[in-house]
Every structure is written in C-alpha cells, then in structure tokens.
Amino acid sequence: AFLNLKQIKFPFLRYPHRIQFWSEFEEMFNSLNSRELDVSADKKWLYLLRQIQLLNTPRNGKIYSPDDLAQAFTWYCMSTNLYSEMRDCLVLPSLRLLRNLTSSVAKQSSNEFITAIFNHIEERQRLCVLIVDEIYIKPSIQYHGGTIFGMAQNDGSMLAKTVLAIMVKCLFGGPSFIVRMIPCSGLDSEFQFDNVKFVMRSIAESSGFTVAIISDNNAVN
C-alpha cells in the first residue's frame, strides 16, 4: 500500500510532489481532517478522504452514508462483475447489503413509496402534475441480480418494445420522481389509462392531489 501511495501526486507537497514518507502521508491526512484545504470543490478529494475514513474503521463497525450507498449502487448497476473487482481495491458496501436494500425498495407499494416522499415535503408541494411518456427500447432479454428482464407486462408472451414511464412532478419547488416504469408491447389506451388512474389514486391516498396530466400527441394518449 505504501508503494502505491508513493505514486500519488498531491499539489500541496513540495518537490517532487510525491509522498516519500509516512510522515508526509500523516500530514496530508491531518490537513484534510482539519479542513485546511477546500476539498468541497473537488469530488476526488472528498472521495479520497472518505476512503481513508472507512479504512480506519473496523470492518464490523462500518456505517455507510447515503452518498456512499448511492455511488456504490450506481457502479453496481453498471456491472456486478466490475463492482466485485472494485471491492478488492476500494472500501465499498458488500453485494449482500446492496441486494438487501434494493429488494426492500422493490417490495414497496406505490402508496408506501409516495407516502415516504410526501412525509418530507410541505403540504402545498403535494399538488402534483403527472408526466406520461412512452419510450422506445430495443427488445432484448437480460439477466441481472437473479432476475430476468425484458418481457412485456401487458403481454407476458412478448418482448417489451416500449416502456410506459409515469413521473410525478410536485409543484412549488417539490421533488420530481418516477413512480412507474412498465415494459410494454403494443401499448393501448385502456392499459395506459388504468396505470395513470392507479398512480392518481395512490397520490390521493398519500394525501396528495393531481392537478394536471402532461403527455404528447400520440394516438394512444
């Protein structure tokens, strides 16, 4: 580890701008901890500091922040194999932890998901606009995290050709979030209407109100 650290360049070290001794590494760590550097302006410095903090925490005592989990899950979604390799050189949450987190989210009903968001916003921000759109995708079968993806929800015998996306936009500076993404094949008005009505009912049951629906001029709409 010391040999690898010697190759890292730091702008605040004297010529030749490389870590030569453990005392220099300790000075760097103390400087970061005392916030003598404006690390907030550089994500690389922040990430380096966070990794050092995690390295100095016992394995059983590690508590990952929401930012740690969000970044780790982004990499996990890109490639599970690559994520496994990255865990050999970085301090990252285990695969089991990420799978447990995602499985608990997947089990949430629309009402629970929307209510969890509405509980943290102002009452006037619970006035919502629904944005409904059909997105074309390449039909394919994918296997990820022990689940097969790619079949249409409105016709289980067909590969999905489009995704029906329903986004909730809260007014008065409230959050925007996608509440449903449904793989479809041959989307029709009845199926779309049922899903939009389902989301509107979920919003109402979560103490919200839908004031408008926005969609394009597709014939299904």
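1. Ser 207 sits in the loop that links α8 (189-205) to β6 (209-214). In this predicted model, Ser 207 has a positive phi of about 70° although it is not a glycine. Its relative accessibility is 52%, so Ser 207 counts as exposed, the cut-off for that class being over 50%.

2. A positive phi also occurs at Phe 172, about 60°, and this residue is not a glycine either. Phe 172 belongs to the loop between β4 and β5. With 47% relative accessibility, Phe 172 counts as partly exposed. As background to both points, most residues other than glycine have a negative phi.

3. On the surface there is a nonpolar patch made up of Ile 141, Tyr 143, Ile 148, Met 151 and Leu 159. Together these residues have about 520 Å² of accessible area. One of them, Met 151, is placed in the loop between β3 (147-149) and β4 (162-170). Met 151 counts as partly exposed because its relative accessibility is 34%.

4. Is Val 179 buried or exposed? Val 179 counts as buried, because its relative accessibility is 14% and the buried class lies under 20%. The residue is part of strand β5 (residues 176-184).

5. Apart from neighbours within four places in sequence, Val 179 contacts Phe 113, Ile 114, Ile 166, Val 168 and Val 199. Of this set, Val 199 is 20 residues from Val 179 in sequence, with a C-alpha to C-alpha separation of 7.7 Å.

Technical notes:
Residues are numbered from 1 along each chain as its sequence is written. This is a predicted model: local features need pLDDT of at least 70, side-chain atom pairs count only at pLDDT 80 or more; totals for chains, interfaces and linings use all residues. Side-chain values use heavy atoms; hydrogens and water are left out. Helices (H or I, at least four residues) and strands (E, at least two) are DSSP runs, numbered from the N terminus. Buried means under 20% relative accessible area, exposed over 50%, partly exposed in between (1.4 Å probe, protein chains only). Contact means heavy atoms within 4.5 Å. Patches are made of residues with over 30% relative accessible area and no salt bridge: like charges are joined within 9 Å, nonpolar side chains (Val, Leu, Ile, Met, Phe, Trp, Tyr) within 5 Å. Accessible areas come from the Shrake-Rupley method with a 1.4 Å probe; for residues, only the protein chains shown count as cover. A salt bridge is a side-chain nitrogen of Lys or Arg within 4 Å of a carboxyl oxygen of Asp or Glu.
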